[in-house]
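Please keep the sequence and coordinates at hand while reading.

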Amino acid sequence: MTVTRPARLTGAALAAVLALVPFVWILRDLAALGSPEDLFRHWVGDRFRLGHARSATTLLDPLLCLAAAGTALAALRSRHAAAALAATGAVTLAVRLPGLWSHGTGPLVTALAETALGAGLLLTALTGRRPPAGPDEPVPTRPRPGPAAAAGVLLAVAALVLLAREIDRATGLGLRLAVDRYTGGRSVLGPALGVPPGWLAAVLVALHLTAAVSAFAAARHTRPLGLLAGGLLLGTGLAELARLARLHLHHDGVVYVRAPELDVPALATALFCALAGAAVLALLAGRGAPDAAPAPRPAATPPPPYPRPPGW
């Protein structure tokens with residue numbers, strides 16, 4: 001399916017506004033915290049230098065900002081941007097739903113705006129599609145079988161690893177804390193725009209599994225969906241690695257202090273997610289496989305002469 005020009009322009013405008021919303025909050029946090037270094041330390045969970053203010057954004061916000069900006073460019077450049085519009089809209093809608101029951105006015109307005117924009121991207125992708133005008137009009141290419149299968153394996157394994165890790169974390173908590181981990185109750189402390197960790201893990205697992213199934217089937221929408229899943233996988237893995245590095249080895253001004261215990265499963269999970277995300281991006285970033293040339297049509301049989309000669 002291709003996308004009509006009005007739908008492409010509408011999707012590009014919605015995606016550009018969707019990228020602008022978290023960007024404004026990032027600028028607000030940058031002004032409040034004083035430096036990009038302090039803001040990045042807040043994003044990766046640094047708790048050693050909290051002297052300025054608590055940030056409102058998380059590392060998910062710049063990732064979503066980049067995804068929305070890339071979607072806007074894709075909608076302007078390609079008539080095959082329906083999958084990119086739908087994937088970005090669905091992920092934004094999923095991760096911003098918990099913000100609808102937020103207690104702050106600013107986060108609530110932001111969640112309402114982003115859920116509306118995400119729903120608008122989905123609606124634009126669905127209603128703006130049209131079949132090719134003719135057999136000569138190009139269609140989205142399928143991913144190459146080898147790289148698609150490898151990316152599917154990595155995404156499926158990443159989804160299973162994140163699911164096992166989340167089950168292990170949730171079962172170690174009481175009922176109230178486990179529910180708050182998914183709904184964002186008052187017992188879950190975090191930035192104003194932060195997504196509840198359990199909810200975010202569930203969204204990422206669903207995204208990675210969906211992208212893996214698409215990669216195994218070599219569907220035409222595999223590349224935008226897989227690139228979005230791979231980018232989020234890489235970003236979350238690098239953030240967790242940075243958090244663990246700051247937690248277990250940080251400079252206190254005099255000497256280096258090591259934490260008494262190292263969370264080896266968390267370190268292994270973060271390292272795998274970062275490497276798998278980078279590999280998925282590399283595997284799906286190339287050109288797709290060209291479609292097979294259509295079989296030549298058989299020559300048309302000439303009609304019989306009229307009147308027919310004797311013995312015809």
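The model is predicted, so local features need pLDDT of at least 70 and side-chain atom pairs count only at pLDDT 80 or more, while totals for chains, interfaces and linings use all residues. Residues are numbered from 1 along each chain as its sequence is written, and side-chain values use heavy atoms, with hydrogens and water left out. Helices are DSSP runs of H or I with at least four residues, numbered from the N terminus.

**Helix H1 against helix H5**

- The axes of H1 and H5 come within 9 Å and cross at roughly 160°; axes are lines fitted to C-alpha atoms over the stretch in contact, and angles run from 0 to 180 degrees between N-to-C directions.
- H1 and H5 are therefore roughly antiparallel, a term for angles over 145 degrees.
- H1 passes H5 in a left-handed crossing, in which the near helix is turned anticlockwise from the far one by less than a right angle.
- On the H1 side, the contact (heavy atoms within 4.5 Å) is made by Ala7, Thr10, Gly11, Leu14, Ala15, Val17, Leu18, Val21, Pro22 and Trp25.
- On the H5 side, the contact is made by Gly106, Pro107, Thr110, Glu114, Leu117, Gly120, Leu121 and Thr124.
- By class, the H1 and H5 contact has 11 nonpolar, 6 polar and 1 charged residues; Ala, Val, Leu, Ile, Met, Phe, Trp, Tyr, Cys and Pro count as nonpolar, Asp, Glu, Lys and Arg as charged, and the others, Gly among them, as polar.
- Leu14, found in H1, touches Leu117, Gly120, Leu121 and Thr124, leaving aside residues up to four places away in sequence.
- Leu14 and Leu121 lie 107 residues apart in sequence, yet their C-alpha atoms are 6.7 Å apart in space.

**Helix H4 against helix H5**

- H4 (residues 82-96) and H5 (residues 105-127) pack at about 150°, and their axes are 8 Å apart.
- H4 and H5 are therefore roughly antiparallel to each other, and H4 passes H5 in a left-handed crossing.
- Ala82, Leu85, Ala86, Thr88, Gly89, Ala90, Thr92, Leu93 and Arg96 in H4 meet Ala111, Glu114, Thr115, Gly118, Ala119, Leu121, Leu122 and Ala125 in H5.
- The contact of H4 with H5 divides into 10 nonpolar, 5 polar and 2 charged residues.

**Helix H6 against helix H7**

- H6 (residues 145-171) and H7 (residues 175-183) pack at an angle of about 135°, with axes 9 Å apart.
- Glu166, Arg169 and Ala170 of H6 make the contact with Ala178, Arg181 and Tyr182 of H7.
- The contact of H6 with H7 has 3 nonpolar, no polar and 3 charged residues.

**A loop residue**

- Ala218 is found in the loop between helix H8 (197-217) and H9.
- Ala218 has a positive phi of about 55°, although it is not a glycine.

**The second largest pocket**

- About 1100 Å³ of space lies in the second largest pocket; on a 1 Å grid over the protein atoms alone, a pocket is an open set of points with protein on both sides within 12 Å along at least five of seven lines.
- The lining (residues with an atom within 4 Å of a point) has 37 residues, and the closest to the pocket centre are His80, Ala81, Ala83, Ala84 and Pro224.
- H3 (60-77), H4, H5, H9 (222-248) and H10 (264-284) each give two or more residues to the lining of this pocket.
- H3 gives the most to this lining, with 8 residues.
- The pocket lining has 25 nonpolar, 8 polar and 4 charged residues.

**The cavity**

- The structure holds 1 cavity of 30 Å³ or more; a cavity is a set of grid points where a 1.4 Å probe fits but cannot get out.
- The largest cavity has about 30 Å³ of space, where a volume is the space filled by probe spheres set on the points.
- Leu18, Pro22, Leu64, Cys65, Thr92 and Glu114 line the largest cavity.
- H1 (5-33) and H3 are the elements that give two or more residues to this lining.
- The cavity lining divides into 4 nonpolar, 1 polar and 1 charged residues.

Note on methods:
Angles under 35 degrees count as roughly parallel, over 145 as roughly antiparallel, 65 to 115 as roughly perpendicular and the rest as oblique.
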